[in-house]
Amino acid sequence: MTTFKGVDHVGVGVADMDAAVDFYAQVGFADVLFDYSGDVPGPDRRARVVMVGNPGATPIGPGRIKLVQILDGDGPPPAPTGGGWGELGICEICLHVRGVEEVHRNLVTAGAQSLMEPLDAAVMPHGVSLDIAYVADPWRGKLELIEWTGLWKSLPGEPRAEGVNHVAFGVSNMDATRAFYERLGFTEMLFESTEFFGPMAAWYPGEPPDQHMLMLLSAQGAGIEPVVLDPPGPDCRGEWGHVGPFEFAIGVGNLEQACAQLRGEGIGLTSEPQSVNVGTGEWKYAYFADPDGLYVSVVEPRY
Ligand SMILES: [Fe+2]
């Protein structure tokens, strides 16, 4: 029986890898686990792929980031346009941070654009308090900064970003998504909201839609935040490797065993299990079909 270990990493398409590595190092993701250029089987693209971790990662901010620069075709596909947040596709990376206000200010001072000024809130049904802010990365990808003050007591020390806390994505049917990801270990619900989150209003090109979102956590790894909008807005899934956050991967201890389990559950693989030699070790992964055709994979990180 495979243990699914929550979100291991979020994939972000970039147009300029060196600039992206610098930006994310400045955010704290300075640990380069591998830097690979070549064929990426499964999606069948040529790309430079750099997996970065944050040495300040914590159990509530454990996730890594995979930077992808497409090298073939016309180069990096552009970010899907016309959306605000929560349309079909991956819409944000959220980092757990110690000291939202300071980390937000430091990023803005360093040139990042503020998308939401720091504020505090609480989420239902458990009344868990949090501090939150948003910045855009240099390619306009949404980077949420959160400190779950009602859930986790941060270690003492200087303000800093930790690892990825969760990834948000738009889906078409919340019940189907929830049932699907429950089978992959996301059994705990941290919050559910059916109220529009007012500070996001400025992000939408027109009248903001209704929002239904919830956060699901696994015992390990980062969480997921599926969102349903009404009306749903444009399809923002885009091409694999498009600029901005475009995919996420669930960690497993043994790829072959995990794939056997997915198949046993009736979940189709969209690629055979792959093993890519990335110099520091093996990058082992397989893509599978989620209910909305998002780019999702299982990964056995051996690097
Ligand atoms: Fe979020």
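User: Happy to be learning this one! Is E144 buried or exposed?

Analyst: Buried means under 20% relative accessible area, exposed over 50%, and partly exposed in between (1.4 Å probe, protein chains only). E144 is buried, at a relative accessible area of 4%. This is a predicted model, where local features need pLDDT of at least 70 and side-chain atom pairs count only at pLDDT 80 or more, while totals for chains, interfaces and linings use all residues. Residues are numbered from 1 along each chain as its sequence is written, and side-chain values use heavy atoms, with hydrogens and water left out.

User: Which residues coordinate the iron ion?

Analyst: Donors are N, O and S atoms within 2.8 Å of the metal (3.2 Å for Na, K and Ca); water is not among the atoms, so sites may look incomplete. Here E92 (OE), E144 (OE), H166 (NE2) and E225 (OE) coordinate the iron ion at 1.9 to 2.2 Å. E92 lies in strand β5 and E144 in strand β8, so the pair ties together parts 52 residues apart in sequence. E92 is buried, with a relative accessible area of 0%.

User: And how many salt bridges does the structure hold?

Analyst: A salt bridge is a side-chain nitrogen of Lys or Arg within 4 Å of a carboxyl oxygen of Asp or Glu. The structure holds 13 of them. One of them joins R48 and D18, whose closest N and O atoms are 3.0 Å apart. R48 is buried, at 19%, whereas D18 is partly exposed, at 47%.

Notes
Helices (H or I, at least four residues) and strands (E, at least two) are DSSP runs, numbered from the N terminus.
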